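Dear colleague,

Please find below the structure that I am handing over to you. A short account of the findings follows it.

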Amino acid sequence: MATEHARPDPATEEVRRRMRTQRRGDTAPELALRSELHGLGLRFRVGVKVPGNARRTIDIAFPKQRVAVFVDGCFWHRCPDHSIPAKNNSDWWATKLEANVARDVETTALLVDQGWQVVRVWEHEDPTEVAASIKKLVRPS
């Protein structure tokens with residue numbers, strides 16, 4: 001007796017394809033902030049592994065000053081101003097996004113426990129203003 005194999009749902013395959021092509025780093029907001037920081041004369045590292053959890057990385061790190069900057073996307077990290085619940089597969093997305101937020105909290109706590117200052121920036125924030133506030137942390141007057 002032949003067994004029938006379920007054909008993949010084209011919509012699901014399309015979502016899977018789009019998810020694979022989503023940028024995880026070097027996003028436009030990250031690049032804009034890095035450009036502003038560089039313009040202020042600040043030098044930093046990109047993609048530094050989080051001490052104590054090598055599977056996580058810091059978007060922009062100032063290791064000597066122990067300042068970690070994360071540029072969070074409004075959708076992926078549940079921005080209180082711009083996050084919109086997914087219409088399709090809403091339960092799955094809610095669980096996924098809550099896990100992202102929980103991971104953010106855990107990563108922040110891990111770094112703070114090791115003496116790092118953590119800056120979390122939303123993708124919609126003005127990179128010029130954010131860079132100026134980061135400069136104050138990295139190079140206090």
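How many helices and strands are there in the protein? There are four helices and four strands, where helices (H or I, at least four residues) and strands (E, at least two) are DSSP runs numbered from the N terminus. Along the sequence they follow the pattern α-α-β-β-β-α-β-α.

Please note that this is a predicted model, in which local features need pLDDT of at least 70 and side-chain atom pairs count only at pLDDT 80 or more, while totals for chains, interfaces and linings use all residues. Residues are numbered from 1 along each chain as its sequence is written, and side-chain values use heavy atoms, with hydrogens and water left out.

The protein has 141 residues, of which 26% count as buried, that is, under 20% relative accessible area with a 1.4 Å probe, protein chains only.

Leaving aside residues up to four places away in sequence, Phe62 touches Leu37, Leu42, Arg43, Phe44, Val67, Val69, Trp116, Ile134 and Val138. Among contacts (heavy atoms within 4.5 Å) between residues at least 6 apart in sequence, 60% join residues at least 24 apart.

Yours sincerely

Technical notes:
Buried means under 20% relative accessible area, exposed over 50%, partly exposed in between (1.4 Å probe, protein chains only).
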